[in-house]
Structure formats: structure tokens, C-alpha cells
Amino acid sequence: GLRVTGIIIAISVIGFLNSGLLTTPPIMIAMAEDGMLPRFFSRQAHGDRSLRRSLIVYTILIMVTLIGLKTFKSLITYVMFTDSISLAFGAACVFILVRRPPAQKEPLAPRLLWLIAPLIFIGIMVFVTVNVIRTEPTNAAIGTAVFVAGLFVYYLRIGITKKGQKV
């Protein structure tokens, strides 16, 4: 039983990393083209247009995280914390979109019904986040530090872009 469960978890983790390695570098390139990351990330290899720079940086970040967290439990709780916050903020964007007037003249009441699912989802994500904070405060602190650093870099890049400097 435990061996089969371990194999299933290992396959799941490898699949998750594979999807991350396939999606994150193109996102980094798009962010660099939009000025949210340094131009360094937008450059692709000449012959095959591979995403070497973004892949290398992303792999280094993953390795630093793995080495820094040391145990599988720490890794899982760190991922749960950062993912639950990210997903909750992503779902909260629905509320911004619903406030914008639609192209068609649809009454607001049906659109408000669509907010029930995001509210439930955000509630579950907040529950997961609070649970990780309660049970693993060190990993929650690390995740919070990563988020704050990301916000700092984001607002720094926005400030540089607004001043008209080349990014």
C-alpha cells in the first residue's frame, strides 16, 4: 500500500514539475516583453529559439528551494502555502472583472450569482493558508517572504517602466 502510494505521488510530482517547466519559461518571456521582468529573459537561443535563459533561471530557483527546504514535508507545505495564496488572489480577480460593464447589457444579478463559486474557492484557499500558518509557521514565513519579494520586484519594475527608463 505505502509503496504504491509513494509511486503515485512521485509520478504526480514529476507531472507537476513537467507542466511547470513547460509553462513557466514562456510566461517569463512574455513578462519580459511586457517589461515586468528584465529583457534578459526575453532572449531565446538563435538556432532553435529555445528558452534556455528562462529555463536555467527557473531550474536554479527550483533547486534553491529544494535545497533550502530540505524535507519533503517542508516542500509540500511550502507549495501548499504559496499555491493557496496565489490561487486565492487569482480567483479574487473575478470580482474586479464583474465590476466592469459587459459588452452586452446583461443585468448585474445573474453576474453576481457567478461569484458564489469563487467565494467558496477563496474560502477553501484561505482555510488551507491558515492551516499551513498554524502547523508550519516557518514555511509560511518563507512563502510570505517570497511573495513580498515578488511584490517588491513587481512594483520596482512598474516604477522603472513609468519613469520611461528602458527595461
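Trainee: What makes Lys70 count as exposed?
Mentor: Its relative accessibility is 72%. The cut-off for exposed is over 50%. So Lys70 counts as exposed. Keep in mind that this is a predicted model.

Trainee: Where is Lys70 placed?
Mentor: In the loop between helix 2 and helix 3. Lys70 follows helix 2. Its phi is positive, about 70 degrees, although Lys70 is not a glycine.

Trainee: How do you know that the length of helix 2 agrees with its residue count?
Mentor: Helix 2 has 18 residues. At 1.5 Å a residue they should span 26 Å. The expected span takes one less than the number of residues. The end C-alpha atoms are 26 Å apart, so the two agree.

Trainee: Which residues of helix 2 are buried?
Mentor: Ser54, Tyr58 and Leu69. They cover an arc of only 25 degrees around the axis, which puts them on the same side of helix 2.

Trainee: Why do residues three or four places apart point the same way in an α-helix?
Mentor: Because an α-helix has 3.6 residues a turn.

Trainee: What does the face of helix 2 turned away from the buried side carry?
Mentor: The exposed residues Ile56, Ile60, Val64 and Ile67.

Trainee: On to helix 3. Why is Ser74 called buried?
Mentor: Ser74 has a relative accessible area of 15%. Buried means under 20%. So Ser74 is buried. Ser74 lies in helix 3. Not counting residues up to four places away in sequence, Ser74 touches Leu69 and Asn139.

Trainee: Why does Thr77 count as buried?
Mentor: The relative accessibility of Thr77 is 9%. That is under the 20% cut-off, so Thr77 counts as buried. Thr77 also has its place in helix 3. Leaving aside neighbours within four places in sequence, its contacts are Val132, Glu136 and Asn139.

Trainee: What makes Met80 partly exposed?
Mentor: Its relative accessible area is 36%. Buried needs under 20%, exposed needs over 50%. Met80 falls in between, so the label is partly exposed. Met80 is found in helix 3, residues 72–99. Beyond neighbours within four places in sequence, Met80 is in contact with Val128 and Val132.

Trainee: How many residues apart in sequence are Met80 and Asn139?
Mentor: 59. In space they are 9.7 Å apart, C-alpha to C-alpha.

Trainee: Now the largest pocket. What is its volume?
Mentor: About 2000 Å³. The lining has 39 residues, and the closest to the centre are Tyr58, Leu61, Tyr78, Thr82 and Val146.

Trainee: Which helices each supply at least two residues of that lining?
Mentor: Helix 1 (2–33), helix 2 (52–69), helix 3 and helix 6 (137–162). Helix 1 gives the largest share, 11 residues.

Trainee: What is the make-up of the lining by class?
Mentor: 28 nonpolar, 10 polar and one charged.

Trainee: Last, how many helices and strands are in the protein chain?
Mentor: Six helices and zero strands. Along the sequence the pattern reads α-α-α-α-α-α. The chain has 167 residues, and 23% of them are buried. Take contacts between residues at least 6 apart in sequence: 62% join residues at least 24 apart.

Definitions and conventions:
Residues numbered from 1 in each chain as written. Predicted model: local features only at pLDDT ≥ 70, side-chain atom pairs only at ≥ 80, totals over all residues. Heavy atoms only, no water. Helix = DSSP H or I, 4+ residues; strand = E, 2+ residues; numbered from the N terminus. Buried < 20%, exposed > 50% of the residue type's maximum accessible area, 1.4 Å probe, protein only. Contact = heavy atoms within 4.5 Å. 1 Å grid on protein atoms, 1.4 Å probe; cavity = no way out; pocket = protein on both sides within 12 Å on 5 of 7 lines; lining within 4 Å. Points joined across faces, edges and corners; volume = space filled by probe spheres on them. Nonpolar A, V, L, I, M, F, W, Y, C, P; charged D, E, K, R; others polar. Arc of directions from axis to C-beta.
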